[in-house]
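Colleague: I am new to this structure and would be grateful for a guided reading. May I put some questions to you once it is displayed?

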Amino acid sequence: MSKGPVPFVNIGKRAKDLLYKDYNFDQKFSLSTSSSSGLNLTATGVRINEDFIGDIRTQHKSGRTTVDVIIDSDSKVSTTVTVDEALTGLKTSFSFKVPDHKSGKLDLQYAHNRFALNSTIGLTSAPLVELAATVGTSELSFGAEVGFDSTSASVTKYNSGIGYNKSDFSASLLLADKGETLKASYIHLFNPTNGATVAAEVTHKLKTKENYFTIGSSHAIDSSTLLKTRFSNSGKVGLLCQHEWRPKSLVTLSAEYDPKVVRSPSRFGVAISVKP
């Protein structure tokens with residue numbers, strides 16, 4: 001595994017995960033099972049208001065190759081074939097959806113001790129191309145990404161950023177939305193024993209001069225229970241409690257209160273993940 005810089009998409013990821021990951025305000029259930037032959041099967045169902053959606057995912061690993069097939073409740077089939085270490089440091093994946101004949105794309109990820117490259121190319125006659133790169137070390141990374149639509153001959157996105165990572169803290173600064181948004185994040189681990197951690201994210205809109213912030217915390221109540229909180233400048237408050245009731249099986253309860261929503265300011269959700 002490379003000890004070089006993180007991929008561009010992972011700059012600021014530690015703070016983002018603490019603030020947003022696993023928060024869910026629907027009813028979700030998933031059941032996963034695996035076999036010694038390398039075959040994994042996961043069935044997932046989600047109830048959103050009065051609607052129910054679901055999918056079945058199969059994953060098979062053989063050597064350096066992994067094949068993922070997902071069939072959703074609309075009978076759409078998504079397939080991804082990934083080859084890890086086809087060359088040293090190179091990860092390649094090919095994906096497509098049926099019946100969408102224009103969905104095919106090729107992803108290339110290359111990791112080196114001093115740089116990381118990621119590219120996505122649509123497999124159509126007029127593809128959408130995205131390229132991201134970072135340079136630096138495992139602690140300090142500088143990077144940028146750009147997207148180009150060959151159909152309209154236009155740039156769809158360009159972002160840049162810098163990230164600094166240590167074992168107990170991480171900081172990042174991103175210029176996003178084609179230079180219109182400046183976003184800074186910070187996360188700090190205060191107590192390795194119970195995982196007590198705080199994180200903050202500040203967003204500044206350069207055109208409108210608007211500012212937003214979100215702060216959050218995370219700590220383990222005991223060896224199997226995690227508690228997370230978050231608060232935003234709009235007054236929105238979130239709470240998450242995740243309990244591992246058996247090895248690799250989780251129940252996650254989420255709640256959020258938004259004082260700006262008059263009719264229904266509170267939201268609740270539950271997610272249950274079972275792995276026999």
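Modeller: Please note that this is a predicted model. To begin, S7 and strand S8 (residues 115–122) are paired in the antiparallel sense over seven bridges.

Colleague: Through how many residues does a hairpin join S7 to S8?

Modeller: Within this antiparallel pairing of S7 and S8, Ala111 stands opposite Ala116 in S8. The hairpin that joins S7 to S8 passes through three residues.

Colleague: Which residue in S7 is the bridge partner of Ser95?

Modeller: Strand S6 (residues 90–98) runs antiparallel to strand S7 (residues 105–111), and six bridges join them. S6 and S7 also form a hairpin, with six residues between them. The bridge partner of Ser95 in S7 is Lys105.

Colleague: Are the rings of Tyr110 and Phe115 stacked, edge-to-face or tilted?

Modeller: The count of aromatic pairs comes to four. In the pair of Tyr110 and Phe115, the ring centres lie 5.9 Å apart and the planes are at 35°. Planes under 30 degrees apart would count as stacked and over 60 as edge-to-face, so the pair of Tyr110 and Phe115 is tilted.

Colleague: Is Phe115 buried, partly exposed or exposed?

Modeller: Buried requires under 20% relative accessible area, and exposed requires over 50%. The relative accessibility of Phe115 is 28%. Phe115 therefore counts as partly exposed.

Colleague: The charged end of which residue sits over the ring of Tyr23?

Modeller: The charged end in question lies 4.0 Å from the centre of the Tyr23 ring. The residue that carries this charged end is Arg230.

Conventions
Residues numbered from 1 in each chain as written. Predicted model: local features only at pLDDT ≥ 70, side-chain atom pairs only at ≥ 80, totals over all residues. Heavy atoms only, no water. Phe/Tyr/Trp six-rings, centres within 6.5 Å; stacked < 30°, edge-to-face > 60°. Buried < 20%, exposed > 50% of the residue type's maximum accessible area, 1.4 Å probe, protein only. Lys NZ or Arg CZ within 6 Å of the ring centre and 35° of its normal. Pairing = 2+ DSSP bridges. Helix = DSSP H or I, 4+ residues; strand = E, 2+ residues; numbered from the N terminus.
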